[in-house]
Amino acid sequence: MLDEEPRDRAGYESPLDTPDEHDVHHEDEAPHGPSLADDLLALFEDGKTYAEAEVAYQKSRAGYTANRLKSAVALGFGAFGVLHLALIALTVGVVIALMPLVGPWIATAIVSLTLIVVGIVLLRMLKKRIDDIRAAFSDEEK
């Protein structure tokens, strides 16, 4: 149902099917829409906003990588230390095992194998952290 008479409403414009002579624009009216200067200013502001967002993203990515790198270095030193202790234990165990030739071999094997397993677990954790760092700089999405 169409209104026959326009009511007093804010922003009311004539119906869409009015003849063109009712939508007459006077030549002394200001042009409608934004000017070229307004468009250029908006483009500049959008570019500035994009640049700020890109800088924030790169800072976030660098922080993530630094965090992963710290833990990767710590795990690398841990793995190196544990494997080093395993080699020391193996060497001392072999020396002790050569003396009586019975009991110390089993003790040396248990200690050495345990330390080697711990070292391998730490190395696998190190590899995962390094893969995370590589993925942060990769262009491919998972």
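Q: Before we dig in, what do buried, partly exposed and exposed mean here?
A: Buried is under 20% relative accessible area, exposed is over 50%, and partly exposed is in between (1.4 Å probe, protein chains only).

Q: Thanks! And what kind of model is this?
A: This is a predicted model, where local features need pLDDT of at least 70, side-chain atom pairs count only at pLDDT 80 or more, and totals for chains, interfaces and linings use all residues. Residues are numbered from 1 along each chain as its sequence is written, and side-chain values use heavy atoms, with hydrogens and water left out.

Q: Good to know. How many helices and strands does the chain have?
A: Two helices and zero strands. Both kinds of element are DSSP runs numbered from the N terminus: H or I with at least four residues for helices, E with at least two for strands. Helix 1 covers residues 36-98, and helix 2 covers 103-137.

Q: What span does helix 2 have, and what would be expected?
A: Its 35 residues reach 53 Å from the first C-alpha to the last, close to the 51 Å expected at 1.5 Å a residue. That expected span is 1.5 Å times one less than the number of residues.

Q: Which residues of helix 2 are buried?
A: Pro-104, Thr-108, Ser-112, Gly-119, Leu-122, Leu-126, Asp-132, Ile-133 and Ala-136.

Q: And how much of the whole chain counts as buried?
A: Of its 142 residues, 13%. The chain exposes about 12,100 Å², and carbon and sulfur atoms supply 66% of that area. Areas come from the Shrake-Rupley method with a 1.4 Å probe; for residues, only the protein chains shown count as cover.

Q: What share of the contacts joins residues 24 or more positions apart?
A: They account for 68% of the contacts with a separation of 6 or more, where contact means heavy atoms within 4.5 Å.

Q: Let's talk packing. Which residues make up the largest nonpolar core?
A: There are six: Ala-72, Leu-75, Ala-79, Val-82, Leu-122 and Leu-126. Helix 1 and helix 2 are the elements that give two or more residues to this core, and helix 1 gives the most, with four. A core here is a set of buried Ala, Val, Leu, Ile, Met, Phe, Trp, Tyr and Cys residues joined through side-chain atoms within 4.5 Å.

Q: What is Val-82 in contact with?
A: Setting aside neighbours within four places in sequence, Val-82 contacts Leu-115, Val-118, Gly-119 and Leu-122.

Q: Where is Thr-65, and what does Thr-65 touch?
A: Thr-65 is found in helix 1 and touches Ile-133, Ala-136 and Phe-137, not counting residues up to four places away in sequence. Thr-65 is buried, because its relative accessible area is 11%.

Q: Switching to charges: how many salt bridges does the count come to?
A: Four, using a side-chain nitrogen of Lys or Arg within 4 Å of a carboxyl oxygen of Asp or Glu.

Q: What else does Asp-132 pair with or touch?
A: Asp-132 forms a salt bridge with Lys-128, with the closest N and O atoms 3.6 Å apart. Both lie in helix 2, four residues apart, about one turn of the helix. Shared partners join Arg-68, Lys-128 and Asp-132 into one network. Not counting residues up to four places away in sequence, Asp-132 touches Tyr-64 and Arg-68.

Q: What about Asp-131?
A: Asp-131 has a salt bridge with Lys-127, the closest N and O atoms being 2.9 Å apart. That pair also lies in helix 2, four residues apart. Asp-131 counts as partly exposed, at 30% relative accessibility.

Q: Last topic, the surface. Which residues form a nonpolar patch?
A: Leu-85, Ile-88, Val-92 and Ile-96, with about 330 Å² of accessible area together. Patches take residues with over 30% relative accessible area and no salt bridge, joining like charges within 9 Å and nonpolar side chains (Val, Leu, Ile, Met, Phe, Trp, Tyr) within 5 Å.

Q: How accessible are Ile-96 and Val-92?
A: Ile-96 counts as partly exposed, at 41% relative accessibility, and Val-92 does too, at 43%. Val-92 lies in helix 1, and its C-alpha is separated by 8.2 Å from that of Thr-108, 16 residues apart along the chain.
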